[in-house]
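Visitor: I would like a close look at one part of this model, the place where two of its chains meet. Please take me through it slowly, with the chain that carries it as background.

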Amino acid sequence: MITTSGLTLFGLGLGAAAILAVASKLLYVKEDPRIAQVEDLLPGVNCGGCGYPGCAGAATAIAAGKANPSVCVVADLEAMAAIAELMGQTIEEREPEIAFRDCTGGERAEERFAYSGIMDCQAAAMLHGGAKSCPEGCLGFGTCVAVCPFDAIHMGPEKLPVVDPNECRACGKCVEACPRGVISIVGITSRLLHLNEVTDCLAPCRQQCPGQIDIPRYIEQIKAGDYEGAVNTIRERNPLLMVCGRVCPRPCESVCRRGHVDSPVGINMLKRFVADRELHSGNRLPIPCAKETGHKVAVIGGGPAGLSCAYFLRRLGHNPTIFEAMPALGGQLRYGIPEYRLPKKDLDWEIQGILDLGVDIHLKRKFGRDYDLNTLKEDGFEAVFLGLGAWQASGMYAEGEDLEGVLGGIEFLTAHALGQTIDIGRKVIVVGGGNTAIDCARTCVRLGAEVTMLYRRTRAEMPANPEEIVGAEEEGVQFKFLAAPTRVIGDENGKATHLEFRMMKLGEPDDSGRRRPEPIEGSETLMETDFIIPAIGQKPDLSCLYDETVEKCPVETTRWQTIVADPDTLQTVVPGVFTAGDVFTGPDLVIAAVGDGRKAARSIHYYLQREGDIPIPPMVQRELIPYTLFKEVPGVQHSERANMPHMCHGDDRNCTFAEVEGALSEPEALTEANRCLHCGLTCYDRDMELPWKNEQELR
Amino acid sequence: MQEYFLLFIAAIFVNNIVLAQYLGNCPFIGTSKETSVALGMGGAVVFVAVMATAITWLVQEYLLSPLGLDFLQTLAFILVIASLVQFVEMFLKKMVPPLYKSLGIFLPLITTNCAVMGIALICQRKEFPLLKSVAFAAASGIGFMIALVVLAGIRERLEIRRVPRAMRGTPVGLVMAGLMSLAFFAFKGMI
Ligand SMILES: Cc1cc2nc3c(=O)[nH]c(=O)nc-3n(C[C@H](O)[C@H](O)[C@H](O)COP(=O)(O)OP(=O)(O)OC[C@H]3O[C@@H](n4cnc5c(N)ncnc54)[C@H](O)[C@@H]3O)c2cc1C
């Protein structure tokens, strides 16, 4: 019995072993030994972020050469390098991507669930008249937190998920799990390329800002004490935040929803606050750039438009080279806006940050004289950006304009910025009412002159920023409104001694909506003067585009001497030549030049990558969205807007070029940030109980 | 015909191999986190159970019974099933790579799976003829697969619900398995 059992089992075992032995000989499949090695090197999380079923799948794909060692979203660089070495490959650098929470505006839950049948904010607004709260479209279930395999998401204090960028590996589990689709995995490239669309969650300020900065987001970050995050948010749209924090006339604040309750949030003061923190912290925040593409782009003009275009091109991975006619970069920021508003050393710091990304520059090289479109092409530049600005002063059309002692506003400021001494004497007359005129006047005050400004309309019509006008008044500039120059009278040496002007009265409004000034006959008056600065407008100087031999401009121009381009792509009639800034729009704002510089960089990016095909999103936002501009803002308590701090007073202010305006302190900035209603298209945060208890009753 | 139909219904619902007989609990909990995985595992169990039942039936009929060595049944079956799974794995890898791709990684898991072993042993205990054994094995395998996929579906949804921390994962999975088992008991009176 025992023997039989033993023998039977032995026989069975032997039989099985023999069959397996034969089978393993016959059925042997040669497997790449590297698969196992690669698998050992992979982290083994099986998160599926790479798109393969688990780490084993990824290892097989890598060994088969179907995937790059960098497919793994979890492995650190060391592991990737080890795999690459094993495979004899190099790692393809991938752009870092992370999960990003943002309301997509069009598909908010409250609408979908509570307002059954109404699918978006616009519909809800039409039915219920707008205003209601909607916390980012997030339901706060924490689904994303639960599914994240890397513990990279947690619920923040406002019951909204917060992504930890250091832990997030962009595996996409949260995107799949989110019932509302408010999370997306985006890389920096797609964020930089995005143009505002009417379906985005656009607060009025975001719609109005020519730079399309995500204002509610950065204010939210300031509120949370994340000043670096705020700087990074602004830098996704505007590389010149320190500059704009000082000089921007803040179109955004003009539509701020809080403006209908008390006064607009001090958006620009907050921008300046975070920008100055970085400036004074001594270390620059790193700015990530996409992988090098090797495309060369020539950027002509180193003003805000050129700097912005070069900055975004660099961040998108291209290689821009700036060609600048002047001895330093900055354009009007350096040669127009005076030191007391924008200290040159701070400007240098900001520009250096852009150059540090790897932007080449050629200074004192004038387009049209030293090179042109053809030579640039020969030098291997695949696209050209023209950001020439508007540097030609318009004349006064008054007799005797060319006498000695008369100098255009732009020339005067540029000469001053270049450190030239100009003999302006004791009595100066500045003609004009724009920013340039005020800058000239306040500069002359600091040079020790008595300044009178002549403007042909009244104070209310002055196009200059209101606080500039106040600043000039405080510094003792005399204003003569409703007066227009008619004649400059000179002495026997050809030097101007008097300005003759005529009084005006306001007539019917013109195209621009301002009342047209009409001369009062016989009101001519003489005014004694040593120096006259006409600053009544600038236009682009396009002479550099004309060829000496053929009298034809390669690009199309308008009667205002601006360059014609497609308003969405900013491409001129010459393919591969793009433009933005004052040379395209006529004299405008820094932020407009910066915003269009980004738009042009976006177009150039597509032009280079898609052989000239530049996509424009169908829902792109061009003007303010009317239904978001309601004026009834219930449930918001009054609160005082912070005052712009002044850093110098009295003689210090009037006699030196020390910076006048300062930054908010941290507590002031936090108070100001808390005034922000964190608006969406129609929603905003209320801080008071409404008379009706809940939205239900409202409905 | 009717006999086979009843056999199927009984094996799948009434005497479900996991939910009523509590065999194969380890892969039931282990591979029921995702529906796709559960489907693969279920398929592998059906496949192996059928093969194993057929082979062990032959071993019993022509080796153990004639020699009067019935007491070696368990030992011999383990040996046979383990070798069989190894062999099948090699065979599939070489001959039917697509099938190997979908079932491959589950095969080693089943080598010593008590559900497979249990099915083979039940057939012997009930003294089914060969064809009926094979049918029973297939039905039981399908029963296992259904249970597995249903539990995976439940657990996928649980994954995104608020579950007390201590209960997350296996604990709540077991609770669900228990509830499912209770639910399946409702079939008890059917046949
Ligand atoms: C006095 C003054 C005050 C202002 N104040 C404000 C303010 O407070 N807030 C505000 O938002 N905006 C203000 N602006 C407007 C703002 O400065 C401009 O809108 C902005 O600088 C336009 O940028 P840009 O790049 O288009 O042109 P620019 O800044 O003019 O830059 C053009 C650049 O191109 C270079 N260039 C020109 N021709 C050539 C050539 N042929 N070859 C090579 N390079 C060339 C120029 O040297 C210059 O560097 C002010 C403007 C002035 C003049």
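Predicted model: local features only at pLDDT ≥ 70, side-chain atom pairs only at ≥ 80, totals over all residues.

Guide: A helix here is a DSSP run of H or I that spans at least four residues, and helices are numbered from the N terminus. A:Thr8 counts as buried because its relative accessible area is 9%, where buried means under 20%. Once its neighbours within four places in sequence are set aside, A:Thr8 is in contact with B:Leu63, B:Leu67 and B:Leu69, which leads us across to chain B.

Chain B has nine helices and zero strands, so that, read from the N terminus, its order of elements is α-α-α-α-α-α-α-α-α by the DSSP assignment of helices and strands. Of the 191 residues in chain B, 48% are buried, and when contacts between residues at least 6 apart in sequence are considered, 77% of them join residues at least 24 apart. The accessible surface of chain B is about 9500 Å², with 69% of that surface belonging to carbon and sulfur atoms.

We can now turn to the interface itself. On the chain B side 21 residues take part, and they are in contact with 22 residues of chain A. The size of an interface is often given as the accessible area lost when the parts come together. For chain B and chain A the buried area is about 1800 Å², and carbon and sulfur atoms give 81% of it. Within the area that chain B buries against chain A, B:Met90, B:Lys94 and B:Ile160 supply 26%, which is more than any other three residues.

As for the elements involved, helix H3 (35-67) and helix H4 (73-95) of chain B each supply at least two residues of the side that touches chain A. The largest share of that side comes from H4(B), with twelve residues. Sorted by class, the side of chain B that touches chain A holds 14 nonpolar residues, three polar residues and four charged residues.

Conventions:
Residues numbered from 1 in each chain as written. Chains lettered and ligands numbered in written order. Heavy atoms only, no water. Buried < 20%, exposed > 50% of the residue type's maximum accessible area, 1.4 Å probe, protein only. Contact = heavy atoms within 4.5 Å. Areas by Shrake-Rupley, 256 points an atom, 1.4 Å probe, with all protein chains shown as cover. Buried area = accessible area lost by both parts, 1.4 Å probe. Nonpolar A, V, L, I, M, F, W, Y, C, P; charged D, E, K, R; others polar.
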